[in-house]
Amino acid sequence: MNRKLYLAALSCLALAACAGAAITSQPWMGATSPSPWQTAEVDTRTIGLGLPLGSQLAQGVRFAGGVQVLTPTLSPVRSLSDLKLVGDNGFVTVSDKGELVRGQIELDASGQLVGLGQWRNRRLTLADGQPITDKIDGDAEGLTILANGDLLVSFEGNHRIWNYGPLDDMHGPVPVVRPVWPFDGNAGMEALASHGNLWRVGGEEGGVWDCQALASATCTLVRMPPSEPLKASDYRTTGMDRDPDGRGWWVVQRAYTPPLDMRARVRRMDEDGSLGPVLVELKLPATTDNFEGIAATKRDGKTRLYIVSDDNENPLQRTLMLAFDVTS
């Protein structure tokens, strides 16, 4: 990236970040009995889509608000790698440091995303119940919640999928079946979503698998990874969620060329793993970042999508949540 573009990008990021005043999020008050969850200190500010030159929304897609997450340097609410919705406007996410984080989505009277609150966090654990301490063990990249309430988390580096049980009554993890594939050390099972008690896995460098906990406990290859390795600047699938209408899946894709060329796309995925047209595209000078998580729900007859970014604990990146409404 040349110096002029670099400076222009910094200016755009600064303008987007200053779109709204910082607001201290409503804290989580905790449980009346001892709880493994800890209250996290988080502020937020509302943001827009930035300059329209860099954002393209397909017909029937509307921006529904955005929030930047502001935290201290060593906060556990950093490096967020996936996103799923729980309960009434609740959400859960994981970090690539081995942290599980929960919070509440705050909407205004018109349904626009205006804040995030009630943040709390807890460390994921190893099989022996001890908290994860090493990066190689805690590089969580995907999560999903099965129909029976069990929380699954996918890890890269030490590639595996673990079942932690119900979110409100978690236990030591139990390994579940995962694709038998030679994933690269830093490009593994980035996307994870479920339908009933089946979970779909998307590899960062391509490939889609459907897995289920039947007696055979196998994963079926849905779409083969590309024969040629992806370049660093290619779009990669980094997050996935089930379409709430039951028509396939939603995915977010990310392309990143250091230091600041971060791009994102939102698309549908069919049952056979094929991708539809781009419905949301974000690149500079619009609001963009390293988006790695997506969650879908129904709201007022439309599909509401939320996407979240991983700031990599890099001062040039941000933790963002953006909302979009899609008309069928």
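Start with the largest pocket, which holds about 450 Å³ of space. Keep in mind that this is a predicted model.

**Stop 1: the largest pocket**
Select Leu 85, Val 86, Asp 241, Ala 296 and Thr 297. Of the 26 lining residues, these lie nearest the pocket's centre. Now colour the strands. S6 (84-86), S8 (99-107), S10 (140-145), S14 (191-195) and S18 (236-242) are among those that each supply at least two residues of the lining. S22 gives the most, with four residues. Colour the lining by residue type next: 10 are nonpolar, eight polar and eight charged.

**Stop 2: the second largest pocket**
Here the space is about 310 Å³. Pick Asn 186, Glu 204, Arg 254, Glu 292 and Asn 312, which lie nearest the centre among 18 lining residues. This lining divides into 12 charged, three polar and three nonpolar residues.

**Stop 3: the largest nonpolar core**
Nonpolar side chains tend to be buried together in soluble globular proteins. Select Trp 250, Val 266, Leu 282, Phe 291, Ile 307, Leu 322 and Phe 324. Within this core of 20 residues, they touch the most other members. Strands S5 (61-70), S19 (249-257) and S20 (261-269) are among those giving at least two residues each. The largest share, four residues, comes from S24.

**Stop 4: Leu 322**
Zoom in on Leu 322. Beyond its neighbours within four places in sequence, its contacts include Ile 47, Leu 49, Phe 63, Leu 113, Leu 282 and Phe 291.

**Stop 5: a second core**
Finish with Ala 64, Val 67, Val 101 and Ile 105. They are among the 19 residues of a second, separate core.

Conventions: Residues numbered from 1 in each chain as written. Predicted model: local features only at pLDDT ≥ 70, side-chain atom pairs only at ≥ 80, totals over all residues. Heavy atoms only, no water. Core = buried A, V, L, I, M, F, W, Y, C linked by side-chain atoms within 4.5 Å. Buried < 20%, exposed > 50% of the residue type's maximum accessible area, 1.4 Å probe, protein only. Contact = heavy atoms within 4.5 Å. 1 Å grid on protein atoms, 1.4 Å probe; cavity = no way out; pocket = protein on both sides within 12 Å on 5 of 7 lines; lining within 4 Å. Points joined across faces, edges and corners; volume = space filled by probe spheres on them. Nonpolar A, V, L, I, M, F, W, Y, C, P; charged D, E, K, R; others polar.
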